[in-house]
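Subject: The structure we talked about, with notes

Dear colleague,

I am handing over the structure for you to look through, and below it you will find my notes on what turned up in it. Please keep the structure open while you read, so that you can find each residue as it is named.

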Amino acid sequence: MKILLWFLLLAALAIALALVGQFNEAYLLLVVPPYRMEISLNLTIILIVCALCLIYLASHTATLVLSLSRRARQYREQHHREQSAAAFHNALRFLFEGRFGHALKQAATAHEAGQSPGLSALIAARAAQRLREPGKQEIWLNRAGESDPGIKAARLMCEAELHLETRQFDSAIAALGRLQEIAGRHIAALRLELRAQQGLGNWDEVLRLTRLLEKRKALKPEAAREIRIKAHRENLRRFSSDAQDLLAYFGKIPAAEQGPKLCTRVAELLLALGAHDEARSLLESALERHWEPELLRLYGLAEGGDMLARIARAERWQTQNPREPELSLALGRLCMRQRLWGKAKHYFETALATREQAETLREAHFELARLADELERPEEANRHYRESAALGHERKSS
């Protein structure tokens, strides 16, 4: 359609010029002694237009010829840029595909071609690390820093991640320290530092970082809780030889973090140290806040105190939780210490009747065997000892 319009336009122009030229009878006289030349004005105009067209074509042709070398150079440069960009993109693709050898080669090509040299070097370093080639990894990390100072923060993050994956926790923390000086502590860096501090066993720092990340909503509450429990349990090991130090550390833990697992661990350590009064007090306080079978089991193992008051307290708990086997087992042990043989046997048999946990059943049979020994009933004692041993064997085999 466009071609047809141009054709009609040129045809109309030609017709218009022909009509105008028909009424133009002027002529041009050229005198070059001894010659004279008369030429129609219309022809003169046509010749001038043709000459101008020829001059334009000649100049344009000369320009094209003279610019051939420049255009060839521009084409080569464009082709080079396209190849280097393709190498960079392929390096990223191969890295995510897990084809680390190809990623390393393509990243090296992109780096040599000058295509984002800093990022290309980081890709190569990551690929070398995946290929378990620490020498190449170090070389490419150094090249990344030399190629582009603007990616120093990215290089330090990559360096910290690579050190973490090879369990070089000190080096990872050193890299994160340098990163903090230039970019501050952002969420990703704090997560890396948390992993490094866990690897080094710096549990106080782990607690601080966990609380900070949870405050910034960078850790799920469940994950933060498990990390805190792990850190507190590891810290408790430092005080496992002194009951007062143990209780002092536990008292410094925020109430929101004193869950049943930590209370159980502290009570176990106190019982191992022979601090039964402290363990009993802690367990009673914990059971008022957390109903946990393991706390009940330890409460039954704790000695000392007003035994009748303890039995009364546990019986009040039982009215609220009548089908709790660990509570029945703890009550049986308390009654045995008070030499209430009949009540002890009743509670042990109640624990057996629930038949919920093999470990609880094993302990109930063992306590009934001890009770039968106290009452000088050897056959009954031997039967319960055998039942307890059989359950213990099943537990080990499973």
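What follows goes from the whole chain down to single residues.

Please bear in mind throughout that this is a predicted model.

**The chain as a whole**

The chain holds 20 helices and 2 strands. Its radius of gyration is 45 Å, well over the 21 Å that the globule rule gives for 398 residues, and therefore the chain is more spread out than a compact globule. Taken along the principal axes, the box that the C-alpha atoms fill is roughly 160 × 50 × 40 Å. Of the 398 residues, 35% are buried, and the accessible surface of the chain comes to about 24,100 Å², with 57% of that area belonging to carbon and sulfur atoms. If you look at contacts between residues at least 6 apart in sequence, 50% of them join residues at least 24 apart.

Leu119 belongs to helix H5, which covers residues 117-130, and with 39% relative accessibility Leu119 counts as partly exposed. Leaving aside residues up to four places away in sequence, Leu119 touches Phe88 and Ile151.

**A nonpolar patch on the surface**

Met1, Leu4, Leu5, Phe7 and Leu8 form a nonpolar patch on the surface, and together they have about 610 Å² of accessible area. Phe7, one of these residues, sits in helix H1, which covers residues 2-22. Is Phe7 buried or exposed? Its relative accessible area is 57%, and because exposed means over 50%, Phe7 counts as exposed.

**Salt bridges**

Side chains of opposite charge can pair when their charged atoms come close.

Glu97 forms a salt bridge with Arg93, where the closest N and O atoms are 3.3 Å apart. Both residues lie in helix H3 (residues 68-97), 4 residues apart, which is about one turn of the helix. An α-helix has 3.6 residues a turn, so residues three or four places apart point the same way. Glu97 is partly exposed at 41% relative accessible area, and Arg93 is also partly exposed, at 38%.

The salt bridge between the side chains of Glu284 and Arg313 has an N to O distance of 3.6 Å. This pair links distant parts of the chain, since Glu284 is in helix H14 (residues 276-289) and Arg313 is in helix H16 (residues 307-320), 29 residues apart. Glu284 counts as buried, with 15% relative accessibility, whereas Arg313 is partly exposed, with a relative accessible area of 24%.

A further salt bridge joins the side chains of Arg377 and Glu380, at 3.8 Å from N to O, and Arg377 counts as partly exposed at 37% relative accessibility. Elsewhere, salt bridges that share partners join Arg126, Arg130, Glu161 and Glu165 into one network.

Which residues are buried in helix H12 (residues 243-252)? They are Ala243, Leu246, Tyr249 and Phe250. Seen down the axis of H12, these buried residues fall within an arc of 130 degrees, so they line one face of the helix. The face turned away from that buried side carries the exposed residues Gln244, Gly251 and Lys252. What covers the buried residues of H12 includes helices H10 (203-215), H11 (221-238) and H13 (260-272), along with H14.

**Two loop residues with positive phi**

Arg167 has a phi near 60 degrees, a positive value in a residue other than glycine. You will find Arg167 in the loop between helix H7 (152-165) and helix H8 (169-183), and at 61% relative accessibility Arg167 counts as exposed. Lys217, which is not a glycine either, has a positive phi of about 60 degrees. Lys217 lies in the loop between H10 and H11, where it counts as exposed at 75% relative accessibility.

Terms used: Residues numbered from 1 in each chain as written. Predicted model: local features only at pLDDT ≥ 70, side-chain atom pairs only at ≥ 80, totals over all residues. Heavy atoms only, no water. Patch = residues over 30% accessible without salt bridge, like charges linked within 9 Å, V, L, I, M, F, W, Y side chains within 5 Å. Areas by Shrake-Rupley, 256 points an atom, 1.4 Å probe, with all protein chains shown as cover. Salt bridge = Lys/Arg side-chain N within 4 Å of Asp/Glu carboxyl O. Buried < 20%, exposed > 50% of the residue type's maximum accessible area, 1.4 Å probe, protein only. Rg over C-alpha atoms; globule rule 2.2 N^0.38 Å. Contact = heavy atoms within 4.5 Å. Arc of directions from axis to C-beta.
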